[in-house]
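Me: I have a structure open and would like to learn how to read it. Could you take me through some of its features, one at a time?

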Amino acid sequence: MAGTAVVTHRALVALATTLATVGVCVACTGEGSGSASTARPTDTSVAVTGAAVMAPVEHGTLFVSNEGDNTLSVVDLASDSVVASIPVGNRPRGMAVSPDGKTVYVALGRDNAIGVVDVATRAATDKIPCGTDPEQVAVSLDGKTLYVSNEEIAMATAVDVASKRTIFTVPVGKEPEGVLVTPDGQKVYVTNESSSTVTVIDAKTGKQRAQFPVGARPRFVVFARDGSRAVVTSEQGGSVTVVDLPKDAPLKTVSVGDSTKPTGVALSHDGLTAYFANGRANRVSVFSIAAMMVTDTIPVGTRPWGVALAADGTTLYTADGRSNQVSVVDVIHKRVVKTIKVGERPYGVLLVSR
């Protein structure tokens, strides 16, 4: 049924595009991902009397890191189908895309390296040493530097892409996982699982600029595009922390339920809504930043982990780690419209626009 609904919607989108050229007015969406690296052209959605408004066709590619079989699945979002499986190395987890959209970087936990994947050829082309046990990776705004969270050794490492040389390795909290460069490119946020803290380091020097407490076992962090807020998910604490990004200070840590285990998180373009995976609760939560509360939940597959939000804000993709699938979620109507089988134990999802 889900597959039929998506095909029907695509036909509707094609019809709406044709009508638009002769002056028929159609509705447009306006939300987007909280990460600039996942931006893509905004498609047109159409309201049809007596029919649900479905998520628009995604023009781009979704990369999925499968830590169980050491591959990246490549999903063509025009057809919602896997078009390639790329062997990349041992235990692929967090991913990031270069600013020009041509290269995907993936943390290879058991290779102590960052895998380099060419987007056009869908092939692994290199490995860059980055210290012990990398969990996640982020890219500087100019694409010249990679930042890595080294879980086992409680460090964060910066590496020059061109020379493959380490720029700095600095101590952070215990068991760092999430790592992300702020929208202004000046700072790097690192979430520390066992310390239940976030460490903020200077992107150029590695010097610690701040450290603050969040909920127990923080996993992922995401930033509002305007640089005003950060959102940190804490799995064990069952909480979400909203952070004043300019001040590097938590505004509020909100409990989202004992059964909720927040992991991957994405933020709408306007910064008002966060979507986060709930791990063992097998669902996605919709969190209002203004109200500081969960407003809805959406069942997905088993043990969802990483998430990615389409640039128009209507479609969310979840890596369902124990279902070996990606769920395609219509966030407007709060339901899964399709599932896509990928590799074994998917961890992360990354949108790359064409």
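Reply: Start with aspartate 248, which sits in the loop between β18 and β19. Helices (H or I, at least four residues) and strands (E, at least two) are DSSP runs, numbered from the N terminus. Phi of aspartate 248 is near 50°, a positive value in a residue other than glycine.

Me: What should I know about the model and its numbering before going on?

Reply: The model is predicted, so local features need pLDDT of at least 70 and side-chain atom pairs count only at pLDDT 80 or more, while totals for chains, interfaces and linings use all residues. Residues are numbered from 1 along each chain as its sequence is written, and side-chain values use heavy atoms, with hydrogens and water left out.

Me: Is aspartate 248 buried or exposed?

Reply: Burial is read from relative accessible area: buried means under 20%, exposed over 50%, and partly exposed in between (1.4 Å probe, protein chains only). Aspartate 248 has a relative accessible area of 11%, so it is buried. Of the 354 residues of the protein chain, 57% count as buried.

Me: How many helices and strands are there in the protein chain?

Reply: The protein chain has one helix and 28 strands.

Me: How do β18 and β19 pair?

Reply: Two strands pair if DSSP finds at least two bridges between them. Strand β18 (residues 239–244) pairs with β19 in the antiparallel sense, over six bridges.

Me: In what order do the four strands of the open sheet lie?

Reply: The order is β16-β17-β18-β19, and the pairing is antiparallel. At the edges stand β16 (218–223) and β19 (249–255); each has a single partner strand, so one side of each has no neighbour in the sheet. From one strand to the next the twist averages 20°. For such angles, axes are lines fitted to C-alpha atoms, for helices over the stretch in contact, and angles run from 0 to 180 degrees between N-to-C directions.

Me: Which strand does β8 pair with?

Reply: Strand β9 (residues 145–150) pairs with β8 in the antiparallel sense, over four bridges. Across this pair, valine 137 stands opposite valine 148 in β9. The hairpin of β8 and β9 has five residues between the strands, and there glycine 143 takes a positive phi near 75°.

Me: Why is β8 largely enclosed by the rest of the structure?

Reply: Strand β8 (residues 134–139) is largely enclosed because six of its six residues are buried.

Me: Which residues does valine 190 contact?

Reply: Contact means heavy atoms within 4.5 Å. Valine 190 lies in strand β13 (residues 187–192) and, at 0% relative accessibility, counts as buried. Leaving aside neighbours within four places in sequence, its contacts include Ser149, Ala156, Val172, Val179 and Val198. Over the protein chain, among contacts between residues at least 6 apart in sequence, 42% join residues at least 24 apart.

Me: Where is threonine 302?

Reply: Threonine 302 is in the loop between β23 (293–299) and β24 (304–309). With a relative accessible area of 35%, threonine 302 is partly exposed. Not counting residues up to four places away in sequence, it touches Asn282, Asp320, Gly321, Arg322 and Ser323. Threonine 302 and glycine 321 are 19 residues apart along the chain, and their C-alpha atoms are separated by 6.5 Å.

Me: Where is asparagine 282, and what is its phi?

Reply: Asparagine 282 is in the loop between β21 (273–277) and β22 (283–288). Its phi is near 60°, a positive value in a residue other than glycine. Asparagine 282 is partly exposed, with a relative accessible area of 29%.

Me: Which residues lie nearest the centre of the second largest pocket?

Reply: Rolling a probe the size of a water molecule over the atoms shows where empty space is left. On a 1 Å grid over the protein atoms alone, a pocket is an open set of points where a 1.4 Å probe fits, with protein on both sides within 12 Å along at least five of seven lines; lining residues have an atom within 4 Å of a point. The second largest pocket is lined by 13 residues, of which Glu67, Arg93, Arg303, Trp305 and Arg322 lie nearest its centre.
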